[in-house]
Amino acid sequence: MNNQLSDILSLSNISTQYRKFSKGQYVEFTQFNEFLDFFEDQDRLSRVMLQGVGIVCGLKPNFVYTNKVLSGIQLSQGAALTTDGDLLTLNNTSEVSEDLYVSDLKTINLENKNYTHFKVYDNFKVNYPAFHENNGKGNQVELWELATAQEATSSFQPISNLSDLDDKYLLLYLENYEKEVRPCRGVDCDNHGVQQIRNLKVLVTTEAGINNIIGDDSVLLPPDPVTGEVPTRIIDRIQPHPLFIEDVLRAEKQERVIVERLILENGVDAHFSSNDIKDLYKTALENNNYGEFVFDKINKIVGVIGGQSVNHAAFKNELQQCLALQTGFQYAYDAVKDLMDTYSEIIKWLPKSFTKAFPDFGSFPKHILLGKLTSNIQLDSFRHQFYNSPVLDDEKATERVKTLISRFFQQTQSFRYSNSFEGQAQIKITPSQKLNPLSNKAVPFYYKITKELLKAWNFDKTSNRSTGENLGYGINFFTPNTQLPDDPLNFNIDKNSFYNIEGHQGMPYQQAVQQIKDIKDKLQLGFDIMVLSLEELKDNKDLSKAYFNDYLEENPGLEHKRGVERGGTFVMVYETIGTDAIVIADFSIPYICCTPKVDTKLSLPSSVVCLKSDIIPFTVFPTNGIVKAVVDEGLDGGVITVNGLYFFDPGAISQQLYGKEITFTVNGKPTNCSIKVILEPNVDIEVSSVHYQESGSTTATVVFTVSGSNFADYDYSWDFLDTGGWVPLNPDENGHVSYTFENLPPTRIPTIKVRVNGGGCSQDIAISDWYVKPEEPTVIKSITFTEGGDCCHQVNRAPVAVARASQTTIQLPVTDIDLTAKFSSDPDNNIDSYSWAQVSPLPSTATIETPLNKETKVSGLVEGVHVFRLKVVDVYGEVDTDDVTITVLRENELVPSLTETSYQMTGTETIQVFRVGPNVSAGNKFWVKVYQVQLTILATSSDTPITIATKLANIINNTTEAQWRQFQSDIASPFPPKASASGAELTIHLDTRNSFVGDALIS
């Protein structure tokens, strides 16, 4: 009889191979035993590794009394697996074999066994280490063996004599040893082998005995005095589990904040402030010391199954800082409530998390603990549960629990509501869930979004490698198929029963209401909005606004949810802090309440009006609504009443509001109505010079000079001939406009009329008495040049500057283009220098690498429109300039464009090619500027790049020679341009004998 633990454990040494028998082979006992050992080890390993260990089912005790005296302990049938792979079930001896070498036959077809007797049990045959003090090195603990009436011998005594039942614990023990071999006496020993004894014992011990059987890892055993080896121990390293922590499965919930208590305790006439509401939440948090008991339980669970412990003191400090703020204090309450929800998820999965991937073989190799004999609790820390193999854990309960513990830790670390965050957020509505676990809800905005938090937020999404599908305030939602960020509310939200509304606390309530309403109306979300004032409202006609006390008395179900459920009402409470009415808290009720069924409406005939205009009427709905301008205190927003009707008076507004948008409310509710009051243009126009082409000619070129503040911001229309034919012509940067009159009769000099338009306001100017009679020619009969020479030779002609770019439209991240002056010319071939400069925007935002070269590179362009000017100077100082415009689009932007793609000069012709595209939107203004004449096309909703190119070609071709001649002063007869369209390309042919070249732009 070997009492070494290695001999007791079948899995201490595993057979990894065996030999097959050959025909006619003499088989040694070692070979045959090797064969049996291999398959037995595989069977045991399969049970332990692929199924689990512990009590599978049944094996529960029940007392049997006769005449109020204990007559038996009934144990139900069941099944259990030891860590050595033994399958234990209750059985009865059904037949005793007559052959000495065959074991007794057993049956397990029974519901229970009734144990009526007991005796002291001595484990001397095996010396199972767990039954001896110091793991086999001391005396045996107290043990009693139970037996049925059929099994009991004279050494047993009735069960009624078993005393002190409250201190008794039940266990199964598989007594496993080899029967001693006796010499063969007249019998063929070939029929005999070493009999393996396997007796299932039902034992009773005390609390001290059961603690010894479980073992204490902290007790060190002395080494063997002969070999020096430290003995192998039987210590139950599986049985400790977080379920056995006191009250661990009790659901923990945050105390509700019932706002109506303010009125119940103080009366409806009491005045309340934000501090009173804050105290409700502060008290609820202080009642459980900011959730400290949950932190204690989490740390105890972490001590058993691993994970990061949580620091309650640091978390409490963060919450107290949040509670010190004027707004956002409700989020401190939310954070603790979130932790309670996480804990609820943990205890939901905790009972299912009895899994062991590699059970310690020495934990309970030959015994199973059945628990306290008189226990009436469902979870007995002295009863082995069944610890599944991970193979059978379809729901991965253990990993879920560890992930949830990680989320608990991340929540305590990521809470971030602070002064630096207050008032800087933007309002966002995120689809979420109403009743589902926190895992399925959107991540609240008061958590700092990190990869660690998202990995722990939803176990299923993390397992599927889709943490990016979590929704939340600070999380980009990616549209299906494109992976471009978009608003999740644009997609299917059938399964989302709740809307998180965040970012509004600390914001002026009018602004918050308007932003939430805009999102709600744009995306058709099913909830309503209500605003409550902590100050009593007088003459309030706005049905979407109410006094806090009155509303709370009529709707006692107000509760802070960090948003609103579908079909509910989102309620914001505001308080005047300083000069602003700030949102300090929010609540919701699960029904639509008290907001108007018909929306208020307000409109004006125009959105822009001149300061000197007459008063204009408002159209108000409802008709008895009160109209007010949304302006700063002390300013006049121009709202007046005449005979009970509302009008807007431009002349009444405060000077600080000139040029600014003014909005209005009806009954205190924001509207979409707005207006801007602008000043009329105030410019001067005078004739600066009149030039006659030749003496006595009736063809005169008049140069006008426009001056006045902001003169370049206006649009100008001219009626040069006083015939009602208006020509749009804006002055250059110096304020100059030129016009050539043909066949001007001195007897009928027209009055030139100019209409200056700016933002809907106009100024009319008339210019008369501008005509100057040309001087009579002076005849020179003879000139003597002392130095010799001819007066008619060496007359210098000015150069012609032509600025072109490699691309006139680029898109970020491209930031470089090339500029060239190679198309510039000089009739006398006397160009002396070139220079480049940026003229818009100023100060310069780009770098011209070699500004004095004929060709140069521009780098560092940013989004916007950039204008670069080429200056060409000849050797006589004559100067000409030309501008080129570069449009830089933002990255991924699809905007309409009109881009020059080709420029070439052939003989007397210049050919320019422009491309329209890639898209056209209604309202885009396209124009071509040829010979300084601006021809405009305004796109409609049906236009495409092809139709725009065709329209531009038509407007060029349909301009008559006479019309071109009016704006061409260099030569007597201009050569009209020709244009053609092919697809989205516009080609313009210009005659180089005209000094002006074409250009094409879009706005």
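Me: Why is Glu345 called buried?
Reply: This is a predicted model, and in it Glu345 has a relative accessibility of 10%. Buried means under 20%. So Glu345 counts as buried.

Me: And what makes Arg407 buried?
Reply: The value for Arg407 is 0% relative accessibility. The cut-off is under 20%. Therefore Arg407 counts as buried.

Me: How do you know that Glu345 forms a salt bridge with Arg407?
Reply: Look at the closest N and O atoms of Glu345 and Arg407: they are 2.6 Å apart. A salt bridge needs such atoms within 4 Å. So the pair qualifies.

Me: Why does the pair of Glu345 and Arg407 tie parts of the chain together?
Reply: Glu345 lies in helix H9, and Arg407 lies in helix H10 (residues 397-414). The parts are 62 residues apart in sequence, so the pair ties them together.

Me: What makes H9 roughly antiparallel to H10?
Reply: H9 and H10 pack at an angle of about 165°, with their axes 9 Å apart. Angles over 145 degrees count as roughly antiparallel. So H9 is roughly antiparallel to H10. Their crossing is left-handed.

Me: Which residues of H9 and H10 meet?
Reply: From H9 they include Asp338, Thr342 and Glu345. From H10 they include Arg400, Leu404 and Arg407.

Me: What makes H6 roughly parallel to H9?
Reply: Helix H6 (residues 274-287) and H9 pack at an angle of about 30°, with their axes 9 Å apart. Angles under 35 degrees count as roughly parallel. Therefore H6 is roughly parallel to H9. Tyr281, Ala284 and Leu285 of H6 make the contact with Gln330, Ala332, Tyr333 and Val336 of H9. H6 passes H9 in a left-handed crossing.

Me: How do you know that Asp338 forms a salt bridge with Arg562?
Reply: The closest N and O atoms of Asp338 and Arg562 are 3.9 Å apart. The limit is within 4 Å. So this pair counts as a salt bridge. Asp338 is in helix H9 (residues 330-349), while Arg562 is in the loop between helix H14 (548-554) and strand E21 (563-565). The two residues are 224 residues apart. Both Asp338 and Arg562 are buried.

Me: Why is Asp816 called partly exposed?
Reply: Asp816 has a relative accessible area of 29%. Under 20% would be buried, and over 50% would be exposed. The value for Asp816 falls in between, so Asp816 is partly exposed. Lys857, at 33%, is partly exposed as well.

Me: What makes Asp816 and Lys857 a salt bridge?
Reply: Their closest N and O atoms are 3.9 Å apart.

Me: Why are strand E26 (616-617) and strand E29 (639-642) called edge strands?
Reply: They belong to an open sheet of 3 strands, in the order E26-E30-E29. Each of E26 and E29 pairs on one side only. The pairing in this sheet is antiparallel.

Me: How do you know that E29 pairs with strand E30 (residues 645-648)?
Reply: 4 bridges join E29 to E30. Pairing needs at least two bridges, so E29 and E30 pair. In E30, Leu645 is the bridge partner of Val642.

Methods
Residues numbered from 1 in each chain as written. Predicted model: local features only at pLDDT ≥ 70, side-chain atom pairs only at ≥ 80, totals over all residues. Heavy atoms only, no water. Salt bridge = Lys/Arg side-chain N within 4 Å of Asp/Glu carboxyl O. Buried < 20%, exposed > 50% of the residue type's maximum accessible area, 1.4 Å probe, protein only. Axes fitted to C-alpha atoms, helices over the stretch in contact; angles between N-to-C directions. Parallel < 35°, antiparallel > 145°, perpendicular 65-115°, else oblique. Left-handed = near helix turned anticlockwise from the far one by under 90°. Contact = heavy atoms within 4.5 Å.
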